Amino acid sequence: MSRLVAQRRLFACPVKGLEAMSFQLSHADVVRLLAEPSAPVRADVATKLASDLGDADLSETELKAAQDILRILAKDVAVAVRCALSHNLRRAVHLPHDVALRLANDVEDVALPILENSPVLTEEDLVAVIREGSPRKQVTIARRPDLPEPVADALITGGLEPAVVALMENTGARIGAASLGKALDRFAGSEAVKQGMAHRAALPMTVTERLVVMVSDQLREYLVAHHDLPAAQAEEIVLQTRDRVTLNLSEGSTEEELLVLTAQMHRQGRLTSVLVWRALSLGDMAFFVAAMATLAGVPIANARMLIDDAGPAGLLSLYAKSGLPERMLSAVRAAVDVLHEVKFDGGERDHERYRSRVITRILTQFEEFPAEDLDFMLEKLGDSLTS
């Protein structure tokens, strides 16, 4: 069968009713198409049909005729024809869903206009395209206006980094708190993703608190200024996270490694009373001993002997040389005593039992402990419970 005969058969039904219709696509256009079925002519037909499809005055019969021709053109072998169709129909509300879906799953040059703008595509359609993994298609979907949450979550879950960056920069995209958290998990090392997230108009506080410890000082200042996060709170979050990371690093380290670490932190002004207290709160005696040796300027063996001294004099003399605040001494002594008493068996609740004992000991034994200092100690102990 010749291509001309095939074109005639394909267009037989729509042509019958065209003479009575107020289409930009006229009967003469169809006759021209049948006489000269070249790609440029077919592309011109696609452009005119797209304009007709947006006409609100089309009757039901006219609309059906136009849609039937669109189904034919959507299968055209020439990419230029399908591109013309996609470009001109990207916002058409009367585009048949099956045609929109065919175009969305076409080659990228055909698919992108439909993927970015078509109101006919469903959330499920977009998620399915995302799963196919085409980078350009993912980025295009990420830029859709008013992108719904399920599609945003699909991009964050399975999309490539450029698509997630585009999503974060899309002011019309609706992204849930859980999805934002998932993006931070997947792309913790991506400055572009974190920057795009930080510059969104609004962020949940839980996300802001996570983000503030993962970004540069300049971006942190932006978060503080634009997301209702007090500067003092931001700084405290950063310090807590840095301390937590340091203490996690100390686990399994040798005595020599801990001395190198604490000496470096001391030079940097980071071996603070808060960090020493947090180490005790976590039951990290090895870090505590190394920190006290560094602060007091004594050999680590001597620091351990003084801390292990059954009487109060050993810890008292070491503490006095360390330069730590005197107001913390009673709480530190209580925590050390509890640490000596508790037997860790390697269970999941070891540290929880220890911290509970420390809190109880402080509350029951130090009734004259200054209220503001007691609150401070318990607050920092509580911070460790969430680490």
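Which residue forms a salt bridge with Asp 109? The partner is Arg 136, and the closest N and O atoms of the two lie 3.7 Å apart, a salt bridge being a side-chain nitrogen of Lys or Arg within 4 Å of a carboxyl oxygen of Asp or Glu.

## About the model

This is a predicted model, in which local features need pLDDT of at least 70 and side-chain atom pairs count only at pLDDT 80 or more, while totals for chains, interfaces and linings use all residues. Residues are numbered from 1 along each chain as its sequence is written, and side-chain values use heavy atoms, leaving out hydrogens and water.

## The pair Asp 109 and Arg 136

The pair links distant parts of the chain, with Asp 109 in helix α7 (residues 108-117) and Arg 136 in helix α9 (residues 135-142), 27 residues apart; helices here are DSSP runs of H or I with at least four residues, numbered from the N terminus. Arg 136 has 42% relative accessibility and so counts as partly exposed, a class that lies between buried (under 20% relative accessible area) and exposed (over 50%), with a 1.4 Å probe and protein chains only.

## A network of salt bridges

Lys 64 forms a salt bridge with Asp 68, their closest N and O atoms being 3.1 Å apart. Because these residues are four apart in helix α4 (residues 60-73), about one helical turn separates them.

The side chains of Asp 98 and Arg 71 also meet in a salt bridge, at 3.0 Å from N to O, and this pair joins helix α6 (residues 97-104), which holds Asp 98, to helix α4, which holds Arg 71. Through shared partners, salt bridges join Lys 64, Asp 68, Arg 71 and Asp 98 into one network.

Technical notes. Helices (H or I, at least four residues) and strands (E, at least two) are DSSP runs, numbered from the N terminus.
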